[in-house]
Amino acid sequence: MQTKPFNSFEMAQAQFESVAGQLGLDAGVRQLLGWPLREYSFAIPVRMDDGSVQVFRGYRVQHNDARGPCKGGIRFHPMETLDTVRALAMWMTWKCAVVDIPLGGAKGGVVCDPHNLTEWEQEQICRGFVRQIAGNMGPTQDVPAPDVMTSAQHMLWMLDEFESIHRARLPGFITGKPVELGGSMGRREATGYGVVFTIREALKELGLRAQDTRASVQGFGNVAQHAISLYRQMGGTVIAVSCWDQEDQVAYTFRKKEGIDLEELLGIADRFGGIDDSKARDLGYETLPGEAWLEQEVEILIPAALENQVSAENVDRIRDSVKLIAEGANGPIGPKADAAIKERDIFVIPDLLANAGGVTCSYFEQVQSNMNYFWEKDEVLGKLDVKMTSAFIAVSDLAKRDNLHMRDAAYVIAVSRVAQACRDRGWV
Ligand code: NAD
């Protein structure tokens, strides 16, 4: 029998439906929140460096804006689908609500692989994306940000195109800008640091000290690198990281049982977060299969790569030593695996809470851009810590009070806030 391919949007809808049932939401609210408010799918024709024309597919999905303008990244990925973008847009709505910032949820994507595109071709994709959607996005409607395989440079090309179309300087159109051009200090670190602020709070609840713990991380990109950095500053030891090898077209796990050296690995990683396997071996790292990050003898797992990485097929590989999983990535644990993890009573910090540091800092960037007054890095990260810690405590208090798992408690808080905003506006 052929198994049905994994669909992130079906998973996001099932999560929502389960919370809607718990909250007793009526049919109108369920229909409204179970689907995006608006979605756009368009072609981006690009004249390639060799003179040929290639047409890329772009998506922008605005899930809900009852609590404020939509907010969400734009990812470049060869396997991008409309359903993935829908799921990510819905998760953004819940994420903004759980950390209580006045924004709604959106997401965008382009089906492309930047590994095989020149700078110029990528710039044309960015500008083409904005030309297709400039009327439906903007500081008061929908504000994009970087995501998988997009950077501050991509944001700047998009901003420049948007400002050319509108013949005005509109820095609030986009976040994740370079610091010298209206970006916020601390944005690069924000998501990974946010993951670790929540890990710090969870460790307190579990009665563990960071210096007595080890972690294994999937991914070695923006989120993973900064999470590893702060976790190590707290005294923790990372023994394994896994990442995608573009040349071999497989994922590898790099392990050093006495603890990886972040700076050393950064020195042999490319800008996509891929580690050079032969150089890693020279530096004394064991090279294991991609999924090996999951089966390490550690207390903490940090999936920080892509969605659906822990599934019914591999969840049993998680060792009994694991006490905590912090979801740096969006949707890294599939529903069946999630049920198995609940059974085993492993403490999970769900994605919508754990990785909300990025959007929280993007919100700070908007605030600073609007004031045209920019905070020092310490101030940004201090405010981020306060936001993340209070969100963690609110979720954990509800979980304890109503005997819920952290994911369910986070969803209950987020969905109730969004449903209330829709009711208050008279939409449902
Ligand atoms: P990135 O592109 O910087 O890094 C992704 C990393 O994952 C790379 O190291 C890549 O090698 C690795 N990877 C890809 N496929 C893999 C596989 N099969 N096995 C092992 N490793 C693999 O992306 P990022 O910005 O760090 O984002 C990672 C995740 O976090 C995504 O789910 C993203 O949606 C989510 N997220 C990112 C942010 C942010 O601010 N960057 C915010 C919230 C959530």
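1. A polar contact here is a pair of N or O atoms within 3.5 Å; within protein, one atom must be able to donate a hydrogen and the other to accept it, and residues adjacent in sequence count only if both atoms are side-chain atoms. By that rule, two residue pairs are in polar contact between domain 1 and domain 2, both at pLDDT 80 or more.

2. This is a predicted model, in which local features need pLDDT of at least 70 and side-chain atom pairs count only at pLDDT 80 or more, whereas totals for chains, interfaces and linings use all residues. Residues are numbered from 1 along each chain as its sequence is written, and side-chain values use heavy atoms, with hydrogens and water left out.

3. Domain 1 covers 30-171 and domain 2 covers 188-349 of the protein chain, with bounds that come from an automatic or database domain assignment. Their C-alpha centres are 28 Å apart.

4. Between them, domain 1 and domain 2 bury about 820 Å², 54% of it on carbon and sulfur atoms, where buried area is the accessible area (1.4 Å probe) that two parts lose on being put together, summed over both. R75, W91 and H115 supply 44% of the area that domain 1 buries against domain 2, more than any other three residues.

5. The rule finds one salt bridge across this interface, the term meaning a side-chain nitrogen of Lys or Arg within 4 Å of a carboxyl oxygen of Asp or Glu. R75 forms a salt bridge with E307, and the closest N and O atoms are 3.5 Å apart.
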